[in-house]
Amino acid sequence: MIVKKMHDMGVKSEHAYLAAFASIGLTVAAWATSLKVEPGVNVDRADRWGLFVGEWAPTFFGLGLALSHYEQHDGTLTDSGVHVHEV
């Protein structure tokens, strides 16, 4: 199983979630950079670059969910340190 192998290699759900959010930022950066670096080329090329990188985010979010589920089942899900106290 891929998720188990990733977990055994030390990849955690937090890593996948961070990669997902980074890819969202990278999408905007790739689109903006493509617009500025290639001003003679139309917006279609910039859109393609943005969409290409933007397709990574759902994959990373899916891996994060799968790893989180595995961590919960395995008992290795880390505590975020945030606790809510009822008054």
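Modeller: Let's start with serine 23, which counts as buried at 4% relative accessibility (buried is under 20% relative accessible area, exposed over 50%, partly exposed in between, with a 1.4 Å probe and protein chains only). Bear in mind that this is a predicted model, where local features need pLDDT of at least 70, side-chain atom pairs count only at pLDDT 80 or more, and totals for chains, interfaces and linings use all residues. Residues are numbered from 1 along each chain as its sequence is written, and side-chain values use heavy atoms, with hydrogens and water left out.

Serine 23 sits in helix 2 (helices are DSSP runs of H or I, at least four residues, and strands are runs of E, at least two, numbered from the N terminus). Leaving aside residues up to four places away in sequence, serine 23 touches Val53, Trp56, Ala57 and Phe60, contact meaning heavy atoms within 4.5 Å.

Now the rings: there are 3 aromatic pairs in the structure (ring centres of Phe, Tyr and Trp, the latter by its six-membered ring, within 6.5 Å; planes under 30 degrees apart are stacked, over 60 edge-to-face, the rest tilted). Phenylalanine 21 and phenylalanine 61 pair edge-to-face, 5.2 Å centre to centre with 90° between the planes. Phenylalanine 21 belongs to helix 2 (residues 13-37) and phenylalanine 61 to helix 4 (residues 56-74), so this pair ties together parts 40 residues apart in sequence. Phenylalanine 52 and tryptophan 56 also form an edge-to-face pair, at 5.6 Å and 75°. Tryptophan 56, one of the residues serine 23 touches, is partly exposed at 34% relative accessible area.
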